Amino acid sequence: RRMATPNATPRVDPLLAMRGDPKLAPFLLDDFDGTAFASAVLASGSDATKDAKKSLDLTIASLDAALGLTVREHHDVLLHQLGGIDEADRVLQIVTGGVSSLRQTMGRVKDELGEPHDAVSGKTLTLENLTKTVDVLRRAVRHSKLNTKLKASLMIGESVDDHAATGGLGGADEGTTTDDRDRARRVSNAAAGDLARAAKTLCDLELLKSEGGDELVGIEWVEKDAKWVTEAHRETRRRAGVALDNGIQSASQAEVGAALQVFHNLNELRSAVTARVVSLAQNAIDSVRDALDPKALSREAGSSSPETETETSRSSAKYQSKGLGSRPGFPPAGEETRWAEILWQRVERAFDVARVEGLKTWHLQRVLAKKRDPITHVLFLDEVLFGGGNDKTTGDEDDSDVHGAFGDTRGDADDDDANGDEIQKYVDGSQTSAGVKNTPCAVFISLFSKGAFEVLARSNASAGFAKDALLSGYPRLVYVLETLHLKLLRDSDAKGAQSAVRKNGVDAFLINKIADPVAQAYHARVFSCLAEPVDSLLSPNTLQQIANSVVSGGVSGSAGAGRGGEDVRRFLSRVRQELDAVALRPGLVAEVMRTGVAKALVLMSKRAETATNTSHEARYFAVGTPVSSAQRANAALASSLEEVIKNLGKIVPHLASAPSEALQGALATLRETARDIVNTTLASALAKINAHFAAMHDEDWSGGPPPGQDASPYAARAVEALGWLDESGFFALFPPLDSGDATSALSPSGDARADLATEVFSSFTRNACLLRLGENGKLRLAKDTAELERAVDQFVFPTKYLASASGAHASIRALRAAVFLSLDELVEGAEAWGRLGDEGTTKENDAEKRKDATGAASLVRDLPKQVTLMLAFSMAPNSVQTPWQRAGLTPSLYATWMNTHAGTDIAAAATETLDAFDSKRSDVGAEAKRAASLIRAAKKTLFPSR
């Protein structure tokens with residue numbers, strides 16, 4: 001091997017050289033196509049072909065040389081690898097031989113084990129067949145024994161059937177004696193035990209069939225007995241049903257318990273009880289439907305009395321001869337009362353049937369609650385309610401299985417919050433619960449209530465005599481339903497047993513909901529009956545008659561008389577009629593009051609608002625101008641409303657809480673409307689008086705003469721305006737005030753007059769507190785105050801009653817004395833009253849605090865806080881700027897501003913005024929500074945938070 005010398009030329013890789021040659025590079029590509037390369041070279045011409053051939057020859061020679069050189073360089077490695085291949089070939093031959101030997105060994109083992117395995121498999125199959133055969137034989141024998149036992153249990157069936165054919169089990173006919181019925185009951189009781197055993201046997205046969213699957217299929221005698229077993233199952237169920245029905249009819253707990261045991265053994269207890277409850281509820285529903293059937297009513301009414309029938313026939317013939325025959329389903333003329341009484345007797349009998357069916361359901365439930373299975377000790381009631389003794393759900397847990405059989409007997413009562421208040425009306429005083437939901441009695445009440453509700457709804461939707469009779473006698477229907485509930489509660493009151501109706505009010509609610517279709521129509525009729533005189537009273541024709549009557553009635557007018565008075569009396573008479581009709585039913589009184597009387601009063605209020613004359617003539621007021629016809633008409637309208645309020649207000653104390661609240665709310669709305677009608681004119685009179693009060697600021701109060709015999713000009717004009725309200729006869733158009741006006745709350749015109757007096761005093765106080773008074777001015781203001789108080793007391797409203805209703809009268813009296821105080825005395829009184837107020841005001845110590853307030857403190861006590869504050873500003877020197885001066889307002893405008901703003905706003909304006917004064921303290925004298933400090937102290941006492 002040649003050794004490379006250090007100075008040898010480096011060897012060039014021919015592959016790299018080819019990669020760099022564009023002619024040879026395509027040969028290194030994976031997708032090289034020799035044909036395409038040759039075609040391209042040949043297409044380039046002969047020279048190109050020769051060049052390509054030379055290049056390829058050189059490249060091939062270079063590759064051969066490089067390959068030989070590489071082989072020589074790696075000669076030892078190649079020889080070593082060739083030896084490894086030979087070794088691998090020898091190992092492969094050895095493995096192949098071992099595998100062949102192993103395969104032969106496995107074949108011999110398979111042959112040795114196969115024969116015993118086949119023998120074991122055959123014996124195992126034989127044993128399995130024997131076991132199946134033995135099991136089938138065991139089941140067949142078990143089936144045979146059960147069939148024999150079943151036949152033995154049903155041996156009494158023939159005698160029972162013979163006795164049932166004579167009426168013993170199917171119900172005694174008219175010719176059956178008491179001994180026969182007793183004998184039938186004894187036979188039935190004797191058969192009950194055999195039926196229970198037969199039912200248990202049938203249950204075992206069903207269990208045997210379900211466990212074995214199709215194993216007994218094909219056995220001739222088993223298949224032959226299968227049809228007989230099916231008939232026996234049906235016969236056992238029939239006999240148990242007959243026994244259960246007899247026990248329910250006779251109220252025999254023994255019979256019912258024995259029959260229930262049969263159904264329990266058949267695993268059909270729940271379905272059997274459900275079917276009986278549904279059947280009893282359907283019987284009750286059918287009785288209500290039959291009671292309202294117009295054809296049945298016609299037959300009973302026509303055959304109730306031979307004499308009546310003959311007379312009725314003659315009457316009907318007479319009318320028919322004239323073409324006036326009565327409509328089908330309606331009584332002849334003059335027979336309406338008798339037919340209605342017959343209808344109500346039928347309805348009462350129907351609900352008495354419902355009571356009987358309900359007590360039968362209760363008897364069934366009572367037995368279920370006592371009876372237990374003698375083997376498993378499962379309570380039958382648990383089985384019915386929860387599907388098994390171990391499947392109980394209580395409280396708010398999921399009880400969908402209960403609802404599956406019985407449905408949710410709570411109805412809307414538990415789902416609708418709006419019904420919660422309705423149910424509370426039926427809750428008994430002990431607040432006890434009925435216990436478990438969805439009991440048979442609860443299901444019966446639910447089904448019967450729903451069915452009877454639908455019957456009454458259909459009867460009410462169809463035009464007929466029954467609809468009219470139920471509508472006019474709705475209170476009697478409510479009485480019948482309440483009686484049904486009370487009788488169920490009374491007749492099912494047994495020690496240790498749950499009542500037929502729950503005491504949480506749900507069942508009472510459901511029973512009373514039966515009358516809802518009639519209730520809606522009844523309440524609508526009541527409202528329509530009451531709305532008719534309201535529409536008549538406030539119709540344009542009646543209002544015009546009222547206006548004409550008051551114009552011709554002179555000064556005293558005739559408010560509430562004539563056509564309007566008749567409509568008022570008719571409305572009140574109808575209210576009394578409707579209330580008398582439901583007087584014995586407190587719940588109905590509340591409903592009639594809420595849906596009838598109250599709604600009619602609200603309607604009257606709205607119609608009166610629309611009918612009120614708001615023209616300039618109705619609002620105009622001037623001294624010397626007589627009362628206009630528009631004002632008289634409004635007064636007559638308000639008097640009519642007062643008549644209604646007065647009469648209905650008398651019955652409020654005699655009503656229960658619910659109807660009293662409904663009536664008081666409606667009367668308050670009507671009272672507000674009547675007061676607004678009166679204020680249509682009084683508002684103009686108050687505006688005129690306020691204008692006179694504003695004129696007091698044009699007079700000289702700091703000087704001027706002492707008071708004379710007459711009041712100040714502004715006060716004289718205000719007194720004259722007040723006097724004209726009485727002299728013109730305006731107040732005479734309304735009912736006079738009572739001497740003991742404690743009842744003035746029921747008099748809208750009295751309230752309006754009291755409000756006018758209060759506003760007059762308040763307006764005078766607001767204006768007077770802004771005056772800067774001299775000595776003569778104080779005397780004149782005191783005289784004006786006395787004159788104004790006398791005029792209000794004489795012409796508007798007695799002030800002795802006003803004091804208890806408002807503080808305005810006390811404030812004007814306090815102002816008359818407070819103007820004679822000095823600023824120091826006024827501030828001391830404010831601080832003294834403030835110290836008493838620091839103790840806190842309660843109902844117990846308020847009277848003591850007022851009693852302890854003396855001197856200036858007693859005056860500040862009666863004055864509004866903002867008036868006291870403005871009075872302090874008025875007592876200060878002229879150099880102390882007042883809030884109205886700083887705001888650039890006249891005193892009269894500032895008094896108007898005070899009337900529309902709260903005391904805190906007035907205190908804030910005073911603070912700003914005092915702050916502005918403090919910024920200029922260097923320009924004022926010591927007296928003004930001291931006065932400002934006193935005013936600030938009074939402000940802090942009166943308005944601590946500001």
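# Close-up views of a helical protein model

**Figure 1. The whole chain in a predicted model.** The protein exposes about 49600 Å². The protein holds 40 helices and zero strands. It has 946 residues, and 43% of them are buried. Now consider contacts between residues with a separation of 6 or more. Residues 24 or more positions apart make up 79% of these contacts.

**Figure 2. A nonpolar patch on the surface.** Three residues form this patch: Leu67, Val71 and Leu78. Together they have about 260 Å² of accessible area. Leu78 belongs to helix α4, which covers residues 75-153. Is Leu78 buried, partly exposed or exposed? Its relative accessibility is 41%, so Leu78 counts as partly exposed.

**Figure 3. The salt bridge between Arg490 and Asp491.** Side chains of opposite charge can pair when their charged atoms come close. The protein has 31 salt bridges by the rule used here. In this one, the closest N and O atoms of Asp491 and Arg490 are 2.9 Å apart. How exposed are the two partners? Arg490 has 54% relative accessibility, so Arg490 counts as exposed. Asp491 has 29%, so Asp491 counts as partly exposed. The pair also belongs to a network of salt bridges. Asp352 and Arg355 are linked with Arg490 and Asp491 in that network.

**Figure 4. The salt bridge between Lys513 and Asp516.** Here the closest N and O atoms are 3.1 Å apart. Lys513 has a relative accessible area of 25%, so Lys513 is partly exposed. Asp516 has 23% relative accessibility and counts as partly exposed.

**Figure 5. The salt bridge between Asp915 and Arg936.** Which helices does this pair link? The closest N and O atoms of Asp915 and Arg936 lie 3.1 Å apart. Asp915 sits in helix α39, residues 903-918. Arg936 sits in helix α40, residues 926-942. The pair links distant parts of the chain, with the two partners 21 residues apart. Why does Arg936 count as buried? The cut-off for buried is under 20% relative accessible area. Arg936 has 19% relative accessibility, so Arg936 counts as buried. Asp915 has 40%, so Asp915 counts as partly exposed.

**Figure 6. The kink in helix α27.** Helix α27 runs over residues 657-694. What would a straight helix of 38 residues span? At 1.5 Å a residue, a straight helix would span 56 Å. Helix α27 spans only 49 Å between its end C-alpha atoms. Where is the kink in α27 centred? The kink is centred on Thr680, and its angle is about 45°.

Definitions and conventions. Residues are numbered from 1 along each chain as its sequence is written. This is a predicted model: local features need pLDDT of at least 70, side-chain atom pairs count only at pLDDT 80 or more; totals for chains, interfaces and linings use all residues. Side-chain values use heavy atoms; hydrogens and water are left out. Helices (H or I, at least four residues) and strands (E, at least two) are DSSP runs, numbered from the N terminus. Buried means under 20% relative accessible area, exposed over 50%, partly exposed in between (1.4 Å probe, protein chains only). Contact means heavy atoms within 4.5 Å. Accessible areas come from the Shrake-Rupley method with a 1.4 Å probe; for residues, only the protein chains shown count as cover. Patches are made of residues with over 30% relative accessible area and no salt bridge: like charges are joined within 9 Å, nonpolar side chains (Val, Leu, Ile, Met, Phe, Trp, Tyr) within 5 Å. A salt bridge is a side-chain nitrogen of Lys or Arg within 4 Å of a carboxyl oxygen of Asp or Glu. The expected span of a helix is 1.5 Å times one less than its number of residues. The bend at a residue is the angle between axes fitted to the seven residues ending there and the seven starting there.
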